[in-house]
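Subject: Structure handover

Hello,

Here is the structure for you to look over. My notes follow below it.

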Amino acid sequence: MAEITLDQIIQPENLVYTKSRIMTDTVLHYCPGCGHGTAHRLLAEVIEELDLQADTIGVAPVGCSVLMYNYMDVDMQEAAHGRAPALATAIKRLMPEKFVFTYQGDGDLAAIGTAETIHACNRGENITILFINNGIYGMTGGQMAPTTLPDMKASTCPYGRDVRMMGNPLKITDIVATLPGSYYVTRQSVHTPGNVRKAKKAIRKAVEYQKRNQGTCFVEIVSNCNSGWKMTPADANQWLEENMLPFYPLGDLKVPEE
Amino acid sequence: MAKVRGAIVVDTERCKGCELCVGACPTDVIGMEEEVNSKGYHYAYMKNPEACTGCVNCAIICPDGVISVYRVKTS
């Protein structure tokens with residue numbers, strides 16, 4: 001048999017994967033290798049698969065993903081720093097038939113927005129929160145965040161985070177899981193293809209569960225910040241696996257009783 | 001014996017050369033081109049196209065979603 005050529009393989013009927021049509025053609029402004037792009041794409045794929053494009057309202061945060069509304073072809077609203085869950089609460093209460101999500105980083109959700117996050121989850125607001133945890137303030141230049149690991153270096157703790165002086169890292173996902181209002185709480189990562197597949201399943205559940213009207217769905221995605229960590233993308237993902245994951249173990253923290 | 005052949009198409013202008021796809025490929029298909037795109041990034045290409053199985057690993061790890069994957073079964 002004659003060997004098949006690349007031109008014969010690259011035909012529309014053989015296409016098995018391409019960028020979701022919910023993602024616009026705008027070039028992402030993220031640094032090369034940043035997990036934000038992967039997280040955006042997973043959410044876009046889930047929205048496309050569940051045919052929710054016309055019924056979705058997203059809330060963008062302040063932080064690296066502040067320009068998220070340029071990248072996803074769904075209705076989006078920009079929130080003040082940390083206030084995305086409060087804004088999403090209002091949107092969902094006014095339009096309960098819509099799918100409402102917030103997308104926040106650790107500086108937004110776990111620092112300035114801690115009160116909004118905890119109260120929205122405690123009230124059991126029927127929204128989906130995507131929380132990207134890279135342990136650092138990426139956009140402003142790699143400062144220490146609430147989620148920075150002990151002894152991890154950042155521009156404001158160049159000798160490493162000293163927990164006696166700077167306090168302990170905040171595991172806000174664990175706190176959210178203890179609140180009665182949260183319905184589904186999970187922690188995932190996007191540093192290997194296998195973890196990306198698992199993260200997508202978790203995001204899909206978090207989107208589907210919103211229809212049940214039972215409480216807040218919260219997905220933490222442990223991600224890299226290779227610019228802030230001063231590493232190549234591949235090294236950053238390796239570092240994430242060796243250092244972040246022992247402190248932020250992956251898996252479901254709260255699952256609905258079926 | 002049925003054999004699965006795959007191929008990838010990289011949107012070279014949007015590729016940022018992060019090389020995550022290189023590490024994600026189980027069959028060592030992907031390399032970085034010596035040429036650069038208009039932004040100065042070395043973009044991904046198939047250096048070893050015969051080995052591609054269309055497993056999609058490179059495309060799902062790509063933060064910028066620049067990789068499209070095609071797959072056929074040949075007998």
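How many of the 15 residues of α2(A) are buried? The count is 13, so the helix is mostly covered, with buried meaning under 20% relative accessible area. Please keep in mind that this is a predicted model.

**Helix α2 of chain A**

Helix α2(A) covers residues 35–49. Its length checks out: at 1.5 Å a residue, 15 residues should span 21 Å, and the end C-alpha atoms are 21 Å apart. Just after α2(A) comes Asp51(A), with a positive phi of about 55 degrees.

**The nonpolar cores**

In soluble globular proteins, nonpolar side chains tend to be buried together. Here, the largest nonpolar core has 66 residues. Five of them touch the most other members: Leu43(A), Ile47(A), Met72(A), Ile203(A) and Ile67(B). The largest share of this core comes from α8(A), which supplies 7 residues.

Which residues does Leu43(A) contact, leaving aside neighbours within four places in sequence? They are Met68(A), Met72(A), Phe101(A), Leu130(A), Ile203(A) and Val207(A). Another core lies apart from the largest one. It has 19 residues, including Val100(A), Phe131(A), Val176(A) and Leu179(A).

**Helix α8 of chain A**

Helix α8(A) has 17 residues. From first C-alpha to last it reaches 25 Å, close to the 24 Å expected at 1.5 Å a residue. Among its buried residues are Pro193(A), Asn195(A), Val196(A), Ala199(A) and Ala202(A). Ile203(A), Ala206(A), Val207(A) and Tyr209(A) are buried in α8(A) too.

**Aromatic pairs**

A pair of aromatic rings is described by the distance of the centres and the angle of the planes. There are 7 aromatic pairs over all chains. One of them joins Tyr183(A) and Tyr209(A). What is the geometry of that pair? The centres of Tyr183(A) and Tyr209(A) are 5.6 Å apart, with 80 degrees between the planes. That makes the pair edge-to-face, because the angle is over 60 degrees.

This pair links distant parts of the chain, 26 residues apart. Tyr183(A) is in strand β6 (residues 182–189), and Tyr209(A) is in helix α8 (residues 193–209). Tyr183(A) has a relative accessible area of 14%, so it is buried. Tyr209(A) is at 9% and therefore also counts as buried.

Phe247(A) has a charge over its ring. The charged end of Lys171(A) sits there, 4.4 Å from the ring centre.

**A buried loop residue**

Ala79(A) is in the loop between β3 (75–78) and α3 (84–94) of chain A. Buried or exposed? Ala79(A) is buried, because its relative accessible area is 6%. Not counting residues up to four places away in sequence, Ala79(A) touches Val59(A), Ala60(A), Val62(A), Ala84(A) and Leu87(A). Take Ala60(A): it is 19 residues from Ala79(A) along the chain, and their C-alpha atoms are separated by 6.1 Å.

Most residues other than glycine have a negative phi, and most peptide bonds are trans.

- Lys230(A) is not a glycine, but has a positive phi of about 60 degrees. It lies in the loop between α9 (226–229) and α10 (233–247) of chain A. Its relative accessibility is 69%, so Lys230(A) counts as exposed.
- Glu19(B) is not a glycine either, and has a positive phi of about 70 degrees. Its loop runs between β1 (3–10) and α1 (20–24) of chain B. At a relative accessible area of 43%, Glu19(B) is partly exposed.

**Chain B**

Chain B has 2 helices and 4 strands. From the N terminus, the order is β-α-β-β-α-β. How does the radius of gyration of chain B compare with that of a compact globule? For 75 residues the globule value would be near 11 Å; chain B has 12 Å, which agrees. The C-alpha atoms fill a box of roughly 45 × 20 × 20 Å along the principal axes.

Buried residues make up 53% of chain B. Among its contacts with a separation of 6 or more, 60% are between residues 24 or more positions apart.

Best regards

Terms used:
Residues numbered from 1 in each chain as written. Chains lettered and ligands numbered in written order. Heavy atoms only, no water. Expected span 1.5 Å × (residues − 1). Buried < 20%, exposed > 50% of the residue type's maximum accessible area, 1.4 Å probe, protein only. Phe/Tyr/Trp six-rings, centres within 6.5 Å; stacked < 30°, edge-to-face > 60°. Lys NZ or Arg CZ within 6 Å of the ring centre and 35° of its normal. Core = buried A, V, L, I, M, F, W, Y, C linked by side-chain atoms within 4.5 Å. Contact = heavy atoms within 4.5 Å. Rg over C-alpha atoms; globule rule 2.2 N^0.38 Å.
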